[in-house]
Amino acid sequence: GSAGLADACRRYAQEAPRGGPLLLCSDLMDAGWQDALKILTTRSFEVTVLHMLAPQELHPELDGDFRLLDAEGGEPVEISADPQLMKRYEEQLHAWKAEIERYCQGRNMNYIAVDTSTPIDDLVLSTLRQRGVLR
């Protein structure tokens, strides 16, 4: 829907009958992602953040001039993709993911970065078990 992540998490925290395991699947491309995660700490949830990013977001293959359109209605952005821009993008993406992981760790939340091309059975049967989310 059009509600922000923090609003969705607030509603869930208010309406959930009790705490327990909680999987939050999101790209976290919401200015209020920190507020959203903080809201989930107000209840006794065992939070695992599945940070979902598409392969094209993780390793974009761009070269030349582009007009990028925001699928969620934001303003278009004109870019000239060259190796320097792509290097800065990857550095900023790495820093952003590290910031989210530190934020989660500081609040006893599991953080798992997920490439959306990962088969769901690999995610559930392998990754979530290895990280102790599932037993």
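Trainee: Is V124 buried, partly exposed or exposed, and what is its relative accessibility?

Mentor: In this predicted model, V124 lies in helix α5, residues 120-130. Buried requires under 20% relative accessible area and exposed over 50%. V124 therefore counts as partly exposed, its relative accessibility being 30%.

Trainee: Within what arc do the buried residues of α1 fall?

Mentor: Helix α1, residues 5-15, has L5, A6, C9 and A13 as its buried residues. Seen down the helix axis, these residues line one face of α1, because they fall within an arc of 95°.

Trainee: Which exposed residues does the face of α1 turned away from its buried side carry?

Mentor: The buried residues of α1 are covered by elements including β1, α2 and β2. The face turned away from that buried side carries the exposed residues Q14 and E15.

Trainee: How far apart are the closest N and O atoms of K87 and E91?

Mentor: K87 and E91 both belong to helix α4, residues 83-105, and are separated by about one helical turn because they are four residues apart. K87 is exposed at 53% relative accessible area, whereas E91 is partly exposed at 43%. Their side chains form a salt bridge, and the closest N and O atoms are 2.5 Å apart.

Trainee: Which strands hold R67 and E78?

Mentor: R67 and E78 form a salt bridge at 3.3 Å between the closest N and O atoms. This pair links distant parts of the chain, 11 residues apart: R67 is in strand β3 and E78 in strand β4.

Methods:
Residues numbered from 1 in each chain as written. Predicted model: local features only at pLDDT ≥ 70, side-chain atom pairs only at ≥ 80, totals over all residues. Heavy atoms only, no water. Helix = DSSP H or I, 4+ residues; strand = E, 2+ residues; numbered from the N terminus. Buried < 20%, exposed > 50% of the residue type's maximum accessible area, 1.4 Å probe, protein only. Arc of directions from axis to C-beta. Contact = heavy atoms within 4.5 Å. Salt bridge = Lys/Arg side-chain N within 4 Å of Asp/Glu carboxyl O.
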